[in-house]
Amino acid sequence: MLAKDSFSSYQNLAIEVQDNGVCVVTLDRPSKRNALDTATIEELVQFFSSAHRKGVKAVVLAGKGDHFCAGLDLVEHWKEDRSPDEFMHVCLRWHEAFNKMEYGGVPVIAALQGAVVGGGLELASAAHIRVMDQTTYFALPEGQRGIFTGGGATIRVSDLIGKSRMIDMIMMGRVYQGQEAVDLGLAQYITDGSSFDKALELANRAAENLPLTNYAICSAISHLNNMSGMDAAYAEAVVAGVVNTQPAARARLEAFANKTAARVRPND
């Protein structure tokens with residue numbers, strides 16, 4: 001069982017470990033609308049580098065207060081007056097954190113509210129599932145700030161909504177919210193109530209899956225999408241060969257064969 005004190009050294013992330021192996025990871029800088037400074041990025045790298053190894057079965061990623069994340073801490077960036085080389089390496093650490101999320105093999109469900117803006121959208125887009133509430137809005141205001149995305153928007157956000165829409169967002173400051181945001185792919189779920197409650201429900205459900213199966217879903221799919229069609233087909237077969245013959249799956253397959261497993265039914 002995952003120890004309750006497995007993640008006790010964090011300052012900018014509040015981490016709660018549940019009995020079923022689900023971790024609630026909360027950005028804990030509400031006075032800054034949870035803007036991402038270098039210290040927070042380092043804690044994200046630290047957490048997601050070790051989550052699978054420590055036995056985390058699923059993660060709910062949330063923001064404390066009224067907003068999920070307002071993006072890069074522009075005040076820190078302005079005060080630091082970084083050189084091009086220095087900021088390039090800041091961006092590379094953002095990529096390290098978000099790659100650990102996307103490819104780390106642990107389901108990450110983002111609970112979104114309020115601002116999901118700039119780097120906050122880059123962070124959210126690295127999650128496997130995004131749940132928004134009625135207050136959530138998405139934007140890439142970098143064009144208005146005289147800066148450019150550096151945490152993966154050109155990769156992940158354009159993959160979600162298409163290159164043309166991503167260009168429109170960053171150039172024109174276009175904001176998406178409500179059902180339109182879901183229809184475009186910025187979130188998979190929208191709720192009239194709490195996005196956190198829905199995200200936790202999904203994380204608990206994901207935690208019931210076999211860890212190796214979740215690892216393939218949350219790591220292999222992203223890798224396969226980076227490959228050529230021929231290479232992806234071969235790699236998918238290899239992954240399926242490993243996952244589909246795992247001993248832990250035998251009982252679940254037996255339940256299906258004996259007609260005692262839950263059946264897939266249409267939604268009510």
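Start at the lining of the largest cavity: select Phe 48, Ala 51, His 52, Lys 100, Met 101, Gly 104, Val 106 and Val 108. H1 supplies the largest share of this lining, three residues. H1 and H3 are the elements that give two or more residues to it. Helices (H or I, at least four residues) and strands (E, at least two) are DSSP runs, numbered from the N terminus. By class, the lining holds five nonpolar, two polar and one charged residues. Here Ala, Val, Leu, Ile, Met, Phe, Trp, Tyr, Cys and Pro count as nonpolar, Asp, Glu, Lys and Arg as charged, and the others, Gly among them, as polar.

A cavity is a set of points, on a 1 Å grid over the protein atoms alone, where a 1.4 Å probe fits but cannot get out; a pocket is an open set with protein on both sides within 12 Å along at least five of seven lines; lining residues have an atom within 4 Å of a point. Grid points are joined across faces, edges and corners, and a volume is the space filled by probe spheres set on the points.

A word on the model before going on. It is predicted: local features need pLDDT of at least 70, side-chain atom pairs count only at pLDDT 80 or more, and totals for chains, interfaces and linings use all residues. Residues are numbered from 1 along each chain as its sequence is written, and side-chain values use heavy atoms, with hydrogens and water left out.

**Helix H1**

Now select residues 38-54, helix H1. Its 17 residues should span 24 Å at 1.5 Å a residue, and its end C-alpha atoms are 24 Å apart, so the two agree. The expected span is 1.5 Å times one less than the number of residues.

Which residues of H1 are buried? They are Thr 40, Ile 41, Glu 43, Leu 44, Val 45, Phe 47, Phe 48, Ser 50 and Ala 51. Buried means under 20% relative accessible area, exposed over 50%, partly exposed in between (1.4 Å probe, protein chains only). Show their partners next: strands S1 (13-17), S2 (22-27), S3 (58-63) and S4 (108-112), with helices H3 (84-103) and H4 (119-125). Step just past H1 to Gly 55, which takes a positive phi of about 95°.

Go to Thr 26 in strand S2. Thr 26 counts as buried because its relative accessibility is 16%. Leaving aside neighbours within four places in sequence, Thr 26 is in contact (heavy atoms within 4.5 Å) with Asn 12, Leu 13, Ala 14, Ala 62, Gly 63 and Lys 64.

Most residues other than glycine have a negative phi. Two stops run against that pattern. Asn 34 has a positive phi of about 60° although it is not a glycine. Find Asn 34 in the loop between S2 and H1. At 1% relative accessibility, Asn 34 counts as buried. Then move to Asp 81, with a positive phi of about 45°, also not a glycine. Asp 81 is in the loop between H2 and H3. Is Asp 81 buried or exposed? At 64% relative accessibility, Asp 81 counts as exposed.

**The pockets**

Select Glu 102, Ala 127, His 128, Ile 221 and Ser 222. Of the 28 residues that line the largest pocket, these lie nearest its centre. Two or more lining residues come from each of H3, strand S6 (129-133), helix H6 (153-161), helix H9 (195-207) and helix H10 (211-225). H10 gives the most, six residues. The lining divides into 13 nonpolar, 10 polar and five charged residues. The volume of the largest pocket is about 710 Å³.

The second largest pocket holds about 440 Å³ of space. Select Ala 70, Gly 71, Leu 72, Asp 73 and Leu 74, the closest to its centre among its 25 lining residues. Helix H2 (74-80), H3, H4 and helix H5 (142-145) each supply at least two lining residues. This lining has 12 nonpolar, seven polar and six charged residues.

**Zoom out**

Show the whole protein: 12 helices and nine strands. Its C-alpha trace spans about 65 × 40 × 40 Å along the principal axes. Of the 268 residues, 47% count as buried.
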